[in-house]
Amino acid sequence: MAESGFGLTRQAGRDWLQSLLSRFGPMNDKASNAHVLDFERPLVELDNRIKEVRKVAEDNGVDVSGQIKELEQRAMQLRKDTYARLTATQRLQVARHANRPTFLDIALNITDKFVELHGDRAGLDDPAIVCGLGSIDGISFMLIGHQKGRNTKENIYRNFGMPQPNGYRKALRFMKHANQFGFPILTFVDTPGAFAGKNAEELGQGEAIAMNLREMFGLRVPVISVVIGEGGSGGALAIGCANYNLIMEHSVYYVASPEACAAILWKSRAKAGAATEALKITAPDLVKAGVMDEIVREPLGGAHADPMGSFPYIKDAILNIWNTKYSRMTGVEVMADRYAKFRKLGEFSEYKVKGGRVAAAREERKQLQAAGGGFYAKTGQWAATKAEAAYIDRTVARNKAWVRSLQGKEQWLNRPQPDGEIDLEALTGGKAFRLPGAQEERDRLAARNFMRLRVVKAKRLVMDVRRRRGLTAANMMAERLGVRLKYESDALKAQLNGTPMPAPPKELPPLPPASKEERAALERRVRALPPARKAALAWAMQAPLSARESAEAEKEVAQSKR
């Protein structure tokens with residue numbers, strides 16, 4: 001009876017706890033004070049009408065499922081049509097929506113485990129930039145992103161997602177940490193720009209951003225960037241110099257905000273709409289221009305309408321580009337890929353047109369070239385007029401003079417040169433492009449891994465000798481192996497660098513022979529070992545191998561080297 005009463009009490013406790021927790025679950029309906037954009041009002045009104053019809057039907061016991069289904073289909077079609085023809089200004093409003101998922105929302109939902117890291121190692125921390133280690137499907141990444149707030153209090157704490165210099169220094173610290181330990185880097189951009197206050201300028205805002213730009217091009221691990229909201233100016237670029245840039249469907253990326261652009265060009269913020277259209281800041285425009293590489297799909301109605309539905313799209317896009325392209329690249333290839341990406345930006349054709357008739361001028365040039373007219377510059381490039389050909393020759397001559405003036409000054413220029421032994425045609429869209437060092441990098445990695453394996457095997461051998469022969473014999477074996485490993489390491493370095501080979505080491509006195517008891521114990525314990533391990537132990541104990549065992553050992557060693 002007591003047990004039954006106790007069981008009822010436990011069940012009542014579970015019911016009470018479940019009812020309490022249910023109050024904090026995801027909301028089925030939007031709050032009445034939720035932020036609604038102007039172009040979304042017809043959608044919200046239709047959704048409210050569907051809810052009213054459903055509630056009236058439930059109260060009166062009337063079956064209107066057919067009408068409700070028709071209204072829901074109409075609402076879905078209206079939502080598709082609305083978001084299919086969004087203007088640049090409307091996309092900007094969606095990108096700035098208060099309910100869009102923030103960096104922490106994304107990090108906590110796409111990772112199996114996320115650990116936030118703090119501090120710039122100079123006594124400061126910036127809540128506007130969040131850094132941490134996370135695991136996605138068993139792969140460790142360094143995650144860095146701008147963090148905005150949900151309400152006024154959070155936005156004040158996060159400084160509205162506008163980082164201070166110490167935030168960028170914190171980000172750079174963890175980028176170097178990831179570079180040291182081989183973690184690929186994921187950056188999430190969502191900022192109107194770096195903070196432009198007096199205190200930020202005193203602390204070196206420009207220097208901090210410039211330092212990040214310089215150091216990110218020297219990272220030997222892949223950097224994948226995702227624009228999840230708005231990416232403004234150098235504040236976004238300071239963590240956005242990536243090998244591959246993703247942008248969410250309704251995000252924007254700009255060098256100056258449309259309001260600032262309108263104030264500069266038209267001396268009025270009322271022209272912000274015209275500036276938004278002219279800047280080409282939306283995801284399709286950026287991908288077309290080559291600034292962004294891929295658009296990440298959002299749920300119907302935008303990520304602010306269904307945040308949980310947007311997380312799988314982000315995760316799949318990141319893992320897809322990592323697994324298909326960057327997981328097998330060496331450090332030199334990663335740097336070359338990043339360099340080639342930014343070298344392709346800003347390519348353009350320069351020629352004069354009449355009265356701004358660009359399309360008509362292009363068509364006229366195509367027809368003239370097809371008819372065999374025009375002129376050729378000394379470089380072999382076609383030009384429509386003799387003056388244009390002369391202009392091309394002057395430009396090439398100036399470029400050559402500039403290159404000649406830089407000879408001998410590479411130490412301050414710090415610029416990769418387009419020659420070497422790695423062909424990056426696939427990275428540069430079919431254009432021949434070379435950078436030095438890829439094969440040398442692979443050779444060094446192979447040599448380093450080989451020596452690490454040799455050291456591990458040597459340590460195991462010394463431990464085996466110590467267990468069977470004692471400390472004195474182990475010390476003698478360690479001395480023999482140390483001399484041998486140093487010679488092998490020096491020989492590998494000389495082979496890689498093209499320097500003379502070192503002299504072979506002098507032979508050290510062999511170990512004292514094992515006693516009969518030690519030899520008998522050894523033979524009993526090594527019968528089940530692989531041939532190569534048996535050969536190593538026999539060499540350590542000065543015990544000769546049979547012809548068959550020697551042949552098996554040599555065969556296994558040859559296979560391991562291959």
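# A note on buried residues, helix faces and ring pairs

1. Phe141 is buried, with a relative accessible area of 0%, where buried stands for under 20% relative accessible area, exposed for over 50%, and partly exposed for what lies in between (1.4 Å probe, protein chains only). The model that holds this residue is predicted, so local features need pLDDT of at least 70 and side-chain atom pairs count only at pLDDT 80 or more, while totals for chains, interfaces and linings use all residues. Residues are numbered from 1 along each chain as its sequence is written, and side-chain values use heavy atoms, with hydrogens and water left out.

2. For the chain as a whole, 36% of the 562 residues are buried. The protein chain has 23 helices and 12 strands; these are DSSP runs numbered from the N terminus, with helices (H or I) of at least four residues and strands (E) of at least two. Of the contacts (heavy atoms within 4.5 Å) between residues at least 6 apart in sequence, 65% join residues at least 24 apart.

3. Helix H2 runs over residues 41–60, which makes 20 residues, and it reaches 29 Å from its first C-alpha to its last, close to the 28 Å expected at 1.5 Å a residue; the expected span is 1.5 Å times one less than the number of residues. The buried residues of H2 are Leu43, Leu46, Ile50 and Ala57. Seen down the axis of H2, these buried residues fall within an arc of 65°, so they line one face of the helix, the arc being that of the directions from the helix axis to the C-beta atoms. An α-helix has 3.6 residues a turn, so residues three or four places apart point the same way.

4. Just after H2 comes Gly61, which takes a positive phi of about 70°.

5. In helix H12 (residues 272–279), the residues Ala272, Ala275 and Thr276 are buried. Viewed down the axis of H12, they fall within an arc of 105°, so they too line one face of their helix. The buried residues of H12 pack against helix H4 (88–95) and H11.

6. Helix H11 (residues 258–265) includes Glu259, which counts as buried at 18% relative accessibility. What does the side chain of Glu259 make a polar contact with? Its partner is the side chain of Arg96, at 3.0 Å; a polar contact is a pair of N or O atoms within 3.5 Å, where within protein one must be able to donate a hydrogen and the other to accept it, and residues adjacent in sequence count only if both atoms are side-chain atoms. Leaving aside residues up to four places away in sequence, Glu259 touches Arg96, Arg269 and Ala272.

7. The structure holds four aromatic pairs, that is, rings of Phe, Tyr and Trp (its six-membered ring) whose centres lie within 6.5 Å, called stacked if the planes are under 30 degrees apart, edge-to-face if over 60, and tilted for the rest. Phe103 and Phe114 form an edge-to-face pair, with 6.4 Å from centre to centre and 90° between the planes. Because Phe103 lies in helix H5 (residues 103–110) and Phe114 in strand E1 (residues 113–117), the pair ties together parts that are 11 residues apart in sequence.

8. Phe141 and Trp322 form an edge-to-face pair, at 5.9 Å centre to centre and with 75° between the planes. This pair links distant parts of the chain, since Phe141 is in strand E3 (residues 139–146) and Trp322 in helix H14 (residues 307–326), 181 residues apart. Trp322 counts as buried at 11% relative accessibility.

9. Most residues other than glycine have a negative phi, and most peptide bonds are trans. Asn159, however, has a positive phi near 60°, and Phe160 has a positive phi near 55°. Asn159 sits in the loop between helix H6 (152–158) and helix H7 (165–181), and Phe160 is also placed in the loop between H6 and H7. Asn159 is buried, with a relative accessible area of 18%, but Phe160 is partly exposed, at 43%. Lys280, which follows H12, likewise has a positive phi, near 55°.
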